[in-house]
Amino acid sequence: MNVRHLVRAVGCALAASLVPAAQADVKIAYIDPLSGLMAATGEHGLHELEFAAEQINAQGGVLGQKLVIVPMDNKLSPQESLVQLKSAADQGVHYIVQGNGSSVAGALIDAVNKNNEREPDKAIVFLNYAAVDPDFTNDKCSFWHFRFDANSDMKMEALTSYMKNDKKISKVYLLNQDYQFGHQVARAAREMVAAKRPDVKIVGDELHPLAKVKDFAPYVTKIQASGADAIITGNWGSDLQLLVKAAKDANLKSEFYTYYAGVVGTPPALGDAGVERVKVVTYWNANEASAAAVPYVEGYKKKYGATADPYTGAMHVALTMLTRAMNEAKSTEPAKVAKAMEGMKMEGPFGPVEMRAADHQLIQPLFIGTFVKAEGGKYKYMADGTTDYTFRADAKFDGPATARPTTCKMQRP
Amino acid sequence: MQLVVTSLLNGVTYGLLLFMLSSGLTLIFSMMGVLNFAHASFYMLGAYFGYAISTKLGFWPALALSPLIVGSIGAAVERYGLRRAHATGHVSELLFTFGIAFMVEEAVRVVWGKQPVPYKIPDVLDGPLFTLYSSTFPTYKVFMMAVSLSMLGALYLALTRTRVGLVIRAALTRPDMVEALGHDVPRVFMLVFGGGSALAALAGVIGGNAFVTDPSMAASLGPIVFVVVVVGGLGSLTGAFVASLFIGIVQTFAVAVDYSVRDLGNAVGFNASAFPTVARITLSQLAPVLPYFIMVAMLVVRPRGLLGTRES
């Protein structure tokens with residue numbers, strides 16, 4: 001065979017394998033950090049998304065097509081994300097998934113809105129699994145954006161409702177990262193604590209730079225001097241791990257009310273320092289999962305290891321709703337699918353969930369969990385990455401109890 | 001009072017750790033003129049080796065072995081890489097160490113994963129040592145101080161009481177002259193580079209479990225060591241020591257201060273509510289960037305640093 005024949009043969013084979021596949025797949029771009037400081041978090045999200053897609057494909061996919069995940073590294077940068085969004089649109093991708101960083105999500109929403117206005121046949125639907133800035137489902141709401149995580153106000157609502165009944169709390173300290181999300185947490189905490197417990201004093205309202213502090217001892221000293229008995233913090237990653245470590249070293253007695261104590265890397269870093277001290281508000285608590293959701297958890301552990309926890313349950317809900325909407329609309333056309341997703345209800349792992357039509361915010365149950373040592377076989381599932389710690393579910397708020405009014409005036413095409 | 005005493009102790013601990021990191025860098029920087037971007041990577045390697053060895057042999061062997069291993073790696077990097085790059089000038093050196101820093105980070109990621117490793121403080125050193133007012137001071141921090149101080153003592157003795165130290169000190173200020181006198185300056189460079197890496201690794205072994213051991217630890221601590229070297233002054237270990245303590249203490253105290261420009265304005269009688277939003281930022285918010293501010297100010301006002309002996 002000469003070279004020309006070979007080239008032609010390879011070309012034909014490529015064409016044969018690529019073209020039909022490209023037509024018959026629903027491509028979903030995952031635009032999140034896969035390198036750099038936040039790579040671990042981005043990678044965890046990708047694992048969960050891929051697993052959720054596999055589950056759906058195993059049952060035959062949607063409308064005879066398979067879900068294909070296209071990972072795209074945005075390095076946690078809004079600019080980079082827009083480049084990736086453009087490239088996704090050029091590849092004929094109509095669905096994108098992103099979650100890390102409200103700064104990124106905000107840029108993506110704007111870009112998706114513009115893109116869909118200019119090129120309706122290249123329209124894109126944005127499935128947001130973790131960016132929790134409340135604005136996205138209020139003033140900045142978009143028909144093309146769907147949020148599957150509870151926004152930071154909803155989480156604060158649950159946290160403060162839980163704190164309301166704890167009469168031991170009399171002084172609260174707010175410690176947050178100095179960026180969009182940290183500011184939102186601090187603002188919501190100030191408002192809601194004042195409304196629910198006017199007797200509680202806010203003795204500190206501190207912002208520190210994101211992911212720059214190595215030793216939180218000085219902050220802990222300050223908290224100690226303030227006499228706070230509870231700390232509310234939206235900190236995540238090392239900012240939370242180091243804070244709790246420093247608190248343990250200095251024998252700080254306060255409790256921590258957190259958003260992200262359960263995410264990848266944090267439970268092992270908390271260790272004994274976090275036991276009975278760290279509380280978390282989440283939509284996920286594996287030990288509370290309904291019987292129907294257990295195979296999902298087990299399957300995930302089988303694939304990614306016994307200590308892996310599919311805490312980003314939003315991925316599963318998002319893809320389930322997406323495929324149901326496609327089935328209902330009998331089409332994978334973004335505008336029709338988005339329309340079908342509005343107001344959709346389904347049974348989640350912890351009870352009914354609803355994609356509220358008014359603002360595209362998923363209304364779902366929330367848990368308040370406390371980090372504990374799992375002893376005596378009381379708990380089946382452990383916190384992510386650990387073999388002997390877990391989150392004890394201390395309170396559960398059903399969907400309607402977590403819902404908040406929205407200021408969204410949805411513009412539908 | 002509690003705030004002052006505890007902050008002071010915290011500041012000194014942090015400062016001493018910084019010194020352990022920057023002493024090696026100061027020596028390398030002033031002798032070879034190499035801005036070693038990979039220095040913090042050796043700190044990270046020290047922490048990871050410390051973790052790996054401590055899970056097999058325990059913490060104490062790790063404390064000794066990890067710096068030795070990393071020191072040898074450092075010496076090898078100098079001998080077989082940097083020395084060649086040295087011949088083609090400062091830019092290639094800079095790029096070389098820059099590349100090493102990335103390679104180390106990626107290697108650590110491949111070997112140990114992207115997530116923090118559970119590097120724990122040994123049980124003997126865990127827990128509080130003494131109580132200060134209502135708060136406790138951890139044993140481990142005192143241990144960190146003790147290690148830094150004994151290292152400082154050992155370094156001082158080695159530099160002032162040994163023949164090698166004599167040559168190193170001479171090479172710090174007059175490398176050309178030392179070479180002219182027949183000393184093997186490249187070998188001294190290798191020794192210093194290896195030694196500096198070992199010191200960074202020692203800091204890593206005791207800092208890795210005090211903070212978090214993950215692949216981003218080098219990137220997050222890297223810039224601050226340069227601040228120490230610049231503020232302390234080229235070629236001056238004493239300068240690096242003073243600068244480390246100074247930066248450690250300033251940063252710790254700044255956190256405790258909640259005053260902003262606006263408050264200051266109010267205090268001196270202005271109607272400061274008219275100040276722009278930026279005036280509302282408090283000193284504690286600025287604490288982590290304060291060292292860089294100090295560095296910039298130092299470069300403008302006194303380019304050779306606090307106790308520097310050379311201009312460049």
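Predicted model: local features only at pLDDT ≥ 70, side-chain atom pairs only at ≥ 80, totals over all residues.
1. **The contact between the chains.** Chain A puts 31 residues into the contact, and chain B puts in 27. On the chain A side, two or more residues come from each of α2, β7 (201-208), α7 (217-226), α8 (238-249) and α9 (266-270). Helix α7(A) has the largest share, with seven residues. Sorted by class, the chain A side that touches chain B holds 15 nonpolar, eight polar and eight charged residues.

2. **Confidence.** For chain B the average pLDDT is 86, and 94% of its residues score at least 70. Within chain B, helix α2 (residues 39-56) of chain B has the highest confidence, at 95, while helix α11 (residues 261-267) of chain B has the lowest, at a mean of 70.

3. **Chain B as a whole.** Chain B contains 13 helices and two strands. Its radius of gyration is 21 Å, close to the 20 Å that the globule rule gives for 312 residues, so chain B is as compact as a globular protein of that length. Along the principal axes, its C-alpha atoms fill a box of roughly 65 × 45 × 40 Å.

4. **Chain A as a whole.** Chain A has 13 helices and 15 strands. For its 413 residues, a compact globule would have a radius of gyration near 22 Å, and the 22 Å of chain A agrees with this. The C-alpha trace spans about 80 × 45 × 40 Å along its principal axes.

5. Where they meet, 19 residues of domain 1 of chain A are in contact with 20 residues of domain 2 of chain A. On the domain 1 side, α2 (39-58), α4 (102-118) and β12 (351-355) of chain A supply at least two residues each. Strand β12(A) gives the most, with four residues. That side of domain 1 of chain A is made up of 11 nonpolar, five polar and three charged residues.

6. **The five-stranded sheet.** Five strands of chain A form an open, parallel sheet in the order β2-β1-β3-β4-β5. At its edges stand β2 (66-73) and β5 (145-147) of chain A; each has a single partner strand, so one side of each is left without a neighbour in the sheet. Neighbouring strands are turned by 25° against each other on average, direction ignored. Inside this order, β3 (residues 95-98) and β4 (residues 125-128) of chain A run parallel and are joined by four bridges, with Gln98(A) partnered by Asn128(A). Helix α2(A) lies across β1 (25-32), β2 and β3 of chain A, at about 170° to β2(A).

7. **The seven-stranded sheet.** A mixed, open sheet of chain A has seven strands in the order β7-β6-β8-β9-β10-β14-β15. Its edge strands are β7 and β15 (389-397) of chain A, each with a single partner strand, so one side of each has no neighbour in the sheet. The twist from one strand to the next averages 25°. Strands β9 (residues 255-258) and β10 (residues 278-282) of chain A are a parallel pair with three bridges, and Tyr257(A) has Lys279(A) as its bridge partner in β10(A). Helix α6 (residues 180-196) of chain A packs on this sheet, touching β6 (171-177), β7 and β8 (230-233) of chain A, and its direction makes about 165° with that of β6(A). Helix α7(A) lies across β6, β7 and β8 of chain A, running at about 170° to β7(A).

8. Which strands does β12(A) pair with in the antiparallel sense? One is β11 (residues 345-348) of chain A, over four bridges; Gly348(A) has Gly351(A) as its bridge partner, and two residues link the strands in a hairpin. Another is β13 (residues 362-363) of chain A, over two bridges, where Met355(A) is partnered by Leu362(A). The hairpin of β12(A) and β13(A) has six residues between the strands, and His360(A) in the turn has a positive phi of about 60°.

Definitions and conventions: Residues numbered from 1 in each chain as written. Chains lettered and ligands numbered in written order. Contact = placed C-beta atoms within 7 Å. Nonpolar A, V, L, I, M, F, W, Y, C, P; charged D, E, K, R; others polar. pLDDT = per-residue confidence, 0-100. Pairing = 2+ DSSP bridges. Axes fitted to C-alpha atoms, helices over the stretch in contact; angles between N-to-C directions. Rg over C-alpha atoms; globule rule 2.2 N^0.38 Å.
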